[in-house]
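Dear colleague,

Please find below the structure that I would like to hand over to you. My notes on it follow directly after.

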Amino acid sequence: MPALKPLPATSGIFTGGQQIPKTIKVSHVNHYFGDGELRKQALHDNRREVKRGEIVIMTGPSGSGKTTLLTLIGTLRTVQEGSLKVLGRELHGASRDQIVELRRELGFIFQAHNLFESLTAYQNVNRAAELAGMDRGLARQRIEMLLTRLGLGQRIHYKPKSLSGGQKQRVAIARGLVHQPKLVLADEPTAALDEQSGREVVTLFQELARDEGCTIVMVTHDNRILDVADRIVNMVDGHIRSDVAVHETSVICEFLRQFPLFADLQTSTLTEVADKMMVEEAEASDVIIRQGDPGELFYLIRSGEVDVVVEEGGRRRKVAELGPGQYFGEAALLRDEPRNATIIARTNCVFYTLGKADFKDVLARSKSFVEELRNVLASRT
């Protein structure tokens with residue numbers, strides 16, 4: 001098997017051999033609106049991790065669940081099912097005091113700017129600084145810096161009635177950033193801005209991520225700013241359908257080309273597959289998939305090792321060990337059957353995963369992909 005090249009620093013997976021701390025960890029989160037016969041599921045078993053200093057853009061059609069997930073992360077809705085950790089705190093079952101404490105470390109930027117009409121731009125932003133308990137002198141410097149960077153240097157002391165819609169939005173952006181939050185949640189932050197102002201906003205976001213380690217999650221339909229993202233998450237019908245590490249697609253393609261399973265795919269198809277692959281991590285002893293569960297993902301091991309364990313007659317036995325370049329989870333997807341084994345991480349692992357629909361799309365495109373899978377299945381039975 002060819003030697004593996006280390007992941008580049010731009011991948012956001014490891015830095016200097018150390019895992020980057022996770023700002024957000026979403027595990028099996030479901031959410032519903034309404035009661036009884038009117039109850040409708042808005043989010044379906046979503047899982048995702050966002051690391052410190054990442055800029056994540058969430059896309060998808062209206063009603064796909066983007067804003068619902070964003071408001072759950074921001075503690076503006078209560079977590080109903082699953083686990084949602086933000087800055088290391090579990091939100092499912094969190095007390096009101098715990099929520100209030102966490103909100104001091106979050107920055108919110110929403111389409112409705114909701115400025116106080118009786119206060120100037122400076123005073124509106126300063127209200128957020130006061131609520132965060134910032135030192136007055138430091139707050140003044142940061143407010144003036146932010147408003148100036150956002151093109152409002154000559155309008156610091158203007159009230160909202162004297163500002164345009166785009167200028168009001170920039171005041172709201174400054175208000176969300178003034179207290180140096182660890183996590184910024186933004187819903188269409190550039191929708192009301194012209195191209196130049198929108199570019200200045202996202203450049204500022206990049207600087208906060210780089211210089212302050214601030215994590216930024218944005219919901220947007222603004223294609224002009226997609227280039228600043230470290231990850232682009234696409235949601236459809238309450239499901240995270242894809243999570244593309246923008247700077248990692250070429251790395252995934254290079255990795256996939258090393259193996260017969262993907263060798264027959266055309267470059268364009270291989271790139272599409274890489275774009276749809278998500279990056280998953282697991283720590284030693286984590287259960288990745290469990291025997292009997294429905295199969296939803298195909299896993300390719302990027303680094304680390306796993307044990308394949310089968311349960312029969314109340315007894316467990318290890319049937320295989322898999323390492324970098326090997327894969328699992330294909331049997332359940334090929335046969336539309338439950339998982340036939342439990343997979344447990346032997347070491348810390350990084351996987352590339354492919355959803356069921358995308359996996360079957362690759363099957364339809366490549367005869368060699370199907371044959372390789374069937375050969376592997378035969379060798380494991």
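What percentage of the 381 residues of the protein count as buried? The figure is 50%. Please bear in mind that this is a predicted model. The protein has twelve helices and 20 strands. Among contacts between residues at least 6 apart in sequence, 72% join residues at least 24 apart.

**The four-stranded sheet and helix α11**

I begin with an open sheet of four strands, ordered β13-β20-β15-β18 and paired in the antiparallel sense. The edges are held by β13 (278-282) and β18 (327-328); each has a single partner strand, so one side of each is left without a neighbour in the sheet. Helix α11 packs on this sheet and touches β15 and β20 (349-355), its direction making about 75 degrees with that of β20.

The pairings within the sheet are as follows:

- β13 and β20 run antiparallel and are joined by five bridges; glutamate 281 has valine 350 in β20 as its bridge partner.
- β15 and β20, also antiparallel, are joined by six bridges; here threonine 353 in β20 stands opposite tyrosine 299.
- β15 (residues 297-303) pairs with β18 over two bridges, again antiparallel; phenylalanine 328 in β18 stands opposite tyrosine 299.

As for β20, six of its seven residues are buried, and the strand is mostly covered.

**Helix α9 against helix α11**

Two packed helices are described by the angle between their axes and the distance between the axes. For α9 (residues 267-276) and α11 (residues 356-365), the angle is about 170 degrees and the axes are 11 Å apart. Since angles over 145 degrees count as roughly antiparallel, α9 is roughly antiparallel to α11. On the α9 side the contact involves Thr269, Glu272, Val273 and Lys276, which meet Asp358, Asp361, Val362 and Arg365 of α11. By class, the residues of this contact comprise five charged, two nonpolar and one polar.

Which residues of α9 are buried? They are Thr269, Leu270, Val273 and Ala274. Viewed down the helix axis, these buried residues fall within an arc of 140 degrees, so they line one face of α9. An α-helix has 3.6 residues a turn, so residues three or four places apart point the same way. Thr269 and Val273 are buried and also take part in the contact with α11.

**Helix α5 against helix α6**

The axes of α5 (residues 165-177) and α6 (residues 195-212) come within 12 Å and cross at roughly 5 degrees. The two helices are therefore roughly parallel to each other. Arg170, Ile173 and Leu177 of α5 make the contact with Ser197, Val201, Leu204, Phe205 and Leu208 of α6. This contact has six nonpolar residues, one polar and one charged.

**Two buried residues**

Alanine 42 is placed in strand β4 (residues 40-51). Its relative accessible area is 15%, and because the cut-off for buried is under 20%, alanine 42 counts as buried. Leaving aside neighbours within four places in sequence, alanine 42 is in contact with His31, Tyr32, Phe33, Gly65 and Gly238. Its C-alpha atom is separated by 9.2 Å from that of leucine 69, which lies 27 residues away along the chain.

Threonine 120 is found in the loop between β8 (106-109) and α3 (121-131). With a relative accessible area of 12%, threonine 120 is buried as well. Beyond its neighbours within four places in sequence, threonine 120 is in contact with Ile156, His157, Tyr158 and Lys159.

Most residues other than glycine have a negative phi. Histidine 28, which is not a glycine, has a positive phi of about 55 degrees. Histidine 28 lies in strand β3 (residues 22-33) and counts as partly exposed, at 42% relative accessibility. Asparagine 114 also has a positive phi, near 50 degrees. Asparagine 114 is found in the loop between β8 and α3, the loop that holds threonine 120. Is asparagine 114 buried or exposed? At 60% relative accessibility, asparagine 114 counts as exposed, whereas threonine 120 is buried.

With kind regards

Notes:
Residues are numbered from 1 along each chain as its sequence is written. This is a predicted model: local features need pLDDT of at least 70, side-chain atom pairs count only at pLDDT 80 or more; totals for chains, interfaces and linings use all residues. Side-chain values use heavy atoms; hydrogens and water are left out. Axes are lines fitted to C-alpha atoms, for helices over the stretch in contact, and angles run from 0 to 180 degrees between N-to-C directions. Angles under 35 degrees count as roughly parallel, over 145 as roughly antiparallel, 65 to 115 as roughly perpendicular and the rest as oblique. Contact means heavy atoms within 4.5 Å. Ala, Val, Leu, Ile, Met, Phe, Trp, Tyr, Cys and Pro count as nonpolar, Asp, Glu, Lys and Arg as charged, and the others, Gly among them, as polar. Buried means under 20% relative accessible area, exposed over 50%, partly exposed in between (1.4 Å probe, protein chains only). The arc is that of the directions from the helix axis to the C-beta atoms. Two strands pair if DSSP finds at least two bridges between them.
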